[in-house]
Amino acid sequence: MTDDGARLLPWAGPEGKPCFLLGDGTGYVSRIADAMEAAQLGLAAELITEARRVLAGRTWTSGELHLLTVELTEALVEVHRVAESRGARLAVRGGGD
């Protein structure tokens, strides 16, 4: 479902499929989605700071690098979903241009 006005939510369904919301953006689920997006972006910013600290130290183990890579990948997936959702909503509001 990708009808105009459908919002891509910041979480996936049980099988990893995207979840969408139809509405005017002011309801309960929209507010939860807004809060979750803000939390995801905040956690990504914290992870960037941590990655910079770890990499600057140049004393990491392969396990630390592996964990950092896993966490950065998870954060990137979440931030990408937020960007897709927000970009789609801007296109709808702006007439698709």
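This report describes the helix packing, the nonpolar core and several individual residues of a predicted model.

## Packing of the two helices

Two packed helices are described by the angle between their axes and the distance between the axes. In this model, helix α1 covers residues 28-57 and helix α2 covers residues 62-93, and their axes come within 9 Å of one another while crossing at roughly 145°. The crossing of α1 and α2 is left-handed.

On the α1 side, the contact is made by D34, E37, Q40, L41, A44, L47, A51, V54 and L55. The α2 side contributes L65, L68, E71, L72, A75, E78, V79, V82, S85, R86 and R89.

## The largest nonpolar core

In soluble globular proteins, nonpolar side chains tend to be buried together. The largest nonpolar core of this model has six residues in all, namely A44, L47, A51, V54, L68 and A75. Helices α1 and α2 are the elements that give two or more residues to this core, and the largest share, four residues, comes from α1.

Between the C-alpha atoms of V54 and L68, which are 14 residues apart along the chain, the separation is 8.7 Å.

R7 lies in strand β1, which spans residues 6-12, and R7 is buried, with a relative accessible area of 5%. The side chain of R7 makes a polar contact with the side chain of E37, at 3.3 Å, and E37 is itself one of the α1 residues that take part in the contact with α2.

Not counting residues up to four places away in sequence, R7 touches C19, F20, L21, S30, A33, D34, E37, S85 and R89. Among these, D34 and E37 belong to the α1 side of the helix contact, while S85 and R89 belong to the α2 side.

## Exposed residues in the loops

K17 is placed in the loop between β1 and β2, the latter strand being residues 18-22. With a relative accessible area of 51%, K17 counts as exposed because the value is over the 50% limit. The C-alpha atoms of K17 and V92 are separated by 22 Å, and the two residues are 75 residues apart along the chain.

R58 lies in the loop between α1 and α2, where R58 is exposed, with a relative accessible area of 68%. Most residues other than glycine have a negative phi. Phi of R58, by contrast, is near 50°, a positive value in a residue other than glycine.

Methods
Residues numbered from 1 in each chain as written. Predicted model: local features only at pLDDT ≥ 70, side-chain atom pairs only at ≥ 80, totals over all residues. Heavy atoms only, no water. Buried < 20%, exposed > 50% of the residue type's maximum accessible area, 1.4 Å probe, protein only. Polar contact = N/O pair within 3.5 Å; in protein donor to acceptor, adjacent residues only side chain to side chain. Contact = heavy atoms within 4.5 Å. Axes fitted to C-alpha atoms, helices over the stretch in contact; angles between N-to-C directions. Left-handed = near helix turned anticlockwise from the far one by under 90°. Core = buried A, V, L, I, M, F, W, Y, C linked by side-chain atoms within 4.5 Å.
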